[in-house]
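Here is a short note for a colleague opening this entry. Please keep the model on screen while reading the points below.

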Amino acid sequence: MENRSVPPGPYRATKLWNEVTTSFRAGMPLRKHRQHFRKYGNCFTAGEAVDWLYDLLRNNSNFGPEVTRQQTIQLLRKFLKNHVIEDIKGRWGSENLYDNSQLFRFPANSPLKTLPRRHPELRKDSIEIFSKDKDSIFKLRNLSRRTPKKHGLQSSKENKENMNCEINEDQENSVGQREISQKDVEEVWRYTILTYLQTILGVSSLEEVINPKQVIPQYVMYNMTNTSKHGVVILQDKSDDLPHWVLSAMKCLANWPRSNDMTNPTYIGFERDVFRTIADYFLDLPEPLLTFEYYELFVNILGLLQPHLERVAINALQLCCLLLPPPNRRKLQLLMRMISRISQNVDMPQLHDAMGTRSLMLHTFSRCVLCCAEEVDLDELLAARLVSFLMDHHQEILQVPSYLQAAVEKHLDYFKRGHIKNLGDGLIVPLPTYSYCKQISAQEFEEQKVSTSQDAISELLENIIKNKNLPLKEKRKKLKQFQKEYPLIYQKRFPTTESEAALFGDKPTIKQPMLILRKPK
């Protein structure tokens, strides 16, 4: 399964579930076991299943090495509940599975989950709204559109004027300029961000990933302009912001032990109490920070989270996080900054008796960030994978992409000047291009890694040999050290002593005897 990837599309979590269960059923070793003086064939212990599945998940790019053994046990319990496995007596439906020697087996047929059909009206709307005919993108004003909630969008008058389009001074005196309404500006933002997202993901259509109706341009515009010097969203409506006591607690742990808002703790375990206060607040939120409606979008991006596609994943997540309501984006920014600092803080006291700091952050906040409205069996693993990536790259992902603002401004500028006839004629600023690598096997990767490393070391040896500024004595010393560290590469370069001697121009010399004795006459 490690070399297979589930393609982007709707219900990707369900497809991953089917892929994992199929791989587990096909690859889990079965053998004879003895229990209570009886022999059972074609079965396995719970501990063996945990070991095998744990290794499978950690080596799979969809989940990654952040998977814990406890999460593996939870997944096996869901296997038992959904009749993917059963105990040796044929019982299933509960979650009574532990990391022990209890015997389990596969039923005659392990059920795969069926993919629900998409609502025909949703598919029809998606095709109509984001068709290849770009002119149709800007005929949305007659369609029913969801009215966005306030969410702190009462921006100042200056920000509204800036978002209409920052046009050069020479345009003010030009004649015959076209009028651009606020709705036109919003649709250009919608079209631009969807076009960039489609290009970055490298898909022919976004209809299987996101419905364009879900993109609210006002959110994107607000998230792009109303930010602090650190790029964090500033809310005009403070009622949507984090409570003051939560902000103070987050600053306390993020800046530990150099906290400005709170005094030093006066009792042992103070840090754990503060952490539990923050966790309780986020766990009580009515929906995850990435919202329920964008669940499929972010789960699809999880399939880009591979070493050779890391940059693509960062750029895609950067655009997707701009779609969030401003209060959600602000909470996400502050949460990622806090847990990233806590995880890297060597001075932070232990916050859990049996769990490391990073694992604790993922275990606590993953479902607060990504979660499906309806229970999905792989939610916890998928959320942990995404939050782990966000922790490592949050500074890039949650910053404002300057190219997006420039593309919208130039597009509106050209339309107003009359250089393009319709708002949907295409983007003026070229889109970023990406090259996609073909995935290779683990054996090929290891061979290429060794080959590349040897080439680099051989190049280092040649640089030492050809360095004319290096004194002869120092060159001998470095070559001797190189020979000691990399004897095979050195022997390949100097197969004989003569070839080594030729480098320094050494010639064998016959030493004169130190004492000459003459025979007496």
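1. **A covered helix.** This is a predicted model. Start with α14, which is mostly covered: 15 of its 19 residues are buried.

2. **Its bend.** Where is the kink in α14 centred? It is centred on Met391, with an angle of about 60 degrees. The helix runs over residues 379-397. Its end C-alpha atoms are only 22 Å apart, while a straight helix would reach 27 Å at 1.5 Å a residue.

3. **Overall make-up.** The protein chain has 19 helices and 4 strands. Of its 521 residues, 45% are buried. Among contacts with a separation of 6 or more, 69% join residues 24 or more positions apart.

4. **Confidence.** The average pLDDT of the protein chain is 78, and 74% of the residues score at least 70. Which parts have the highest and the lowest confidence? Helix α12 (residues 326-344) is highest, at 95. The lowest is α4, at a mean of 42.

5. **Stretches to read with care.** Residues 119-150 have pLDDT below 50. Even so, the model gives this stretch 53 contacts beyond near neighbours in sequence. Residues 431-436 stay under 50 as well. For them the model has 16 contacts beyond four places in sequence.

6. **Aromatic pairs.** How many aromatic pairs does the structure hold? There are 14. One of them joins Phe24 and Phe79, with ring centres 5.5 Å apart. Phe24 lies in helix α1 (residues 12-27) and Phe79 in helix α3 (residues 69-81), so the pair ties together parts 55 residues apart in sequence. Both Phe24 and Phe79 are buried.

7. **A second tilted pair.** The ring centres of Phe44 and Phe106 are 5.3 Å apart. Their planes are at 50 degrees, so this pair is tilted too. Phe44 belongs to strand β2 (residues 38-45). Phe106 sits in the loop between β4 (103-105) and α4 (120-129). The pair therefore ties together parts that are 62 residues apart in sequence.

8. **Burial of that pair.** Phe44 has a relative accessible area of 0% and is buried. Phe106 is at 14% relative accessibility; the cut-off for buried is under 20%, so Phe106 counts as buried.

9. **The ring cluster.** Which residues do ring pairs link into a cluster? They are Trp17, Phe24, Phe44, Trp52, Phe79 and Phe106.

10. **A charge over a ring.** Arg493 lies over the face of Phe494. The distance to the ring centre is 4.9 Å.

11. Is Ile268 buried or exposed? Ile268 is exposed, because its relative accessible area is 86% and the limit is over 50%. Ile268 lies in the loop between α8 (244-254) and α9 (270-283). Pro349 is 81 residues away along the chain, yet the two C-alpha atoms are separated by 10.0 Å.

12. **A lysine in α1.** Lys15 is placed in helix α1. At 25% relative accessibility, Lys15 counts as partly exposed.

Technical notes: Residues are numbered from 1 along each chain as its sequence is written. This is a predicted model: local features need pLDDT of at least 70, side-chain atom pairs count only at pLDDT 80 or more; totals for chains, interfaces and linings use all residues. Side-chain values use heavy atoms; hydrogens and water are left out. Helices (H or I, at least four residues) and strands (E, at least two) are DSSP runs, numbered from the N terminus. The expected span of a helix is 1.5 Å times one less than its number of residues. The bend at a residue is the angle between axes fitted to the seven residues ending there and the seven starting there. Buried means under 20% relative accessible area, exposed over 50%, partly exposed in between (1.4 Å probe, protein chains only). Rings of Phe, Tyr and Trp (its six-membered ring) pair if their centres lie within 6.5 Å; planes under 30 degrees apart count as stacked, over 60 as edge-to-face and the rest as tilted. A charge sits over a ring if NZ of Lys or CZ of Arg is within 6 Å of the ring centre and within 35 degrees of the ring normal. pLDDT is the predictor's confidence in each residue, from 0 to 100. Contact means heavy atoms within 4.5 Å.
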